[in-house]
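This report describes a sheet and a disulfide. The sequence and structure come before the details.

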Amino acid sequence: MSLLVSAEPASSQVIQTEEDRQFVDKQAKLDLRRMWRFDDDKAGALPKGFVARTVGAQTAGGWQVVADSSAASAPNLVKQEVPCATQGCFHLLLAEDVSYDYLDLTFKLRPAAGSSTGIGGIVFNARDDQNFYAVLVDFSERRLSVVRVQNGQETVLGRAPVVLKDYPWHIVRVQRNTIVSKEFIETFFDNALAVSVEDQTFGAGQIGLATKGNAPIEFDNIHAIRIYSQTPLSAPAAY
């Protein structure tokens with residue numbers, strides 16, 4: 001008696017639909033890891049690969065690379081010093097040609113020398129300069145907020161007080177992930193959990209920096225890693 005074994009079992013023969021192909025193509029275009037230290041950028045100019053935008057204000061933000069020996073990673077940092085104090089005002093610095101869906105994002109910030117106030121943070125999953133998430137640290141109020149800006153209108157999703165320890169630079173970490181049908185954002189300030197919220201308004205989008213208020217803010221060392229362990233490997237089934 002002879003046994004005939006198929007070289008390719010029927011169960012392994014998968015017919016990929018056009019929807020599957022589009023899903024895979026979209027995933028392939030997302031960034032896996034990026035880091036910006038600004039040390040190779042020209043002082044007095046915008047950092048390479050970034051574009052400045054403003055929400056709810058007539059005056060554009062004063063973003064520029066600054067040479068500073070006290071930078072988190074010398075010699076350069078990024079500074080924004082134009083006031084943005086009106087309701088709903090944001091000065092944004094968006095990374096061009098960069099897209100993330102679920103990510104682990106860290107950066108460092110501090111009030112500019114001689115100041116203990118100001119509001120600054122990070123933007124992520126930005127569809128454009130009118131639709132994005134942001135995590136903001138208010139140094140005068142000593143609190144961290146997670147906000148959603150949709151069609152230029154700001155909604156606070158969550159906020160909590162933070163402890164401002166005597167550090168030269170403060171570290172903020174943002175994780176956006178998904179488990180089953182829930183999408184959540186967790187934030188950490190100087191390694192302590194600050195705010196956790198659920199929201200699934202925006203999909204993949206740009207990342208960048210943001211400021212509000214009257215006082216200048218300085219930034220350094222943005223590090224973004226895509227979280228893909230919870231991302232499905234194929235398009236969702238159609239029911």
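In strand 14, K212 is the bridge partner of I119. Strands here are DSSP runs of E with at least two residues, and helices are runs of H or I with at least four, numbered from the N terminus. The model is predicted: local features need pLDDT of at least 70 and side-chain atom pairs pLDDT 80 or more, while totals for chains, interfaces and linings use all residues. Residues are numbered from 1 along each chain as its sequence is written, and side-chain values use heavy atoms, without hydrogens and water.

**The sheet**

Strand 7 (residues 119–128) pairs with strand 14 (residues 206–212) in the antiparallel sense over 6 bridges; two strands pair if DSSP finds at least two bridges between them. Both belong to an open sheet of 7 strands with antiparallel pairing, in the order 2-5-14-7-8-9-10. Strand 2 (50–55) and strand 10 (153–161) each have a single partner strand, so at these edges one side of each lacks a neighbour in the sheet. On average, neighbouring strands are turned by 20° against each other, direction ignored; the axes are lines fitted to C-alpha atoms, and angles between N-to-C directions run from 0 to 180 degrees.

**The disulfide**

The structure holds 1 disulfide, defined as a pair of cysteine sulfur atoms within 2.5 Å. The sulfur atoms of C84 and C89 are 1.7 Å apart. The torsion about their S-S bond is about -100°, so the disulfide is left-handed.

| Residue | Relative accessible area | Class |
|---|---|---|
| C84 | 2% | buried |
| C89 | 1% | buried |

How values were computed: Buried < 20%, exposed > 50% of the residue type's maximum accessible area, 1.4 Å probe, protein only.
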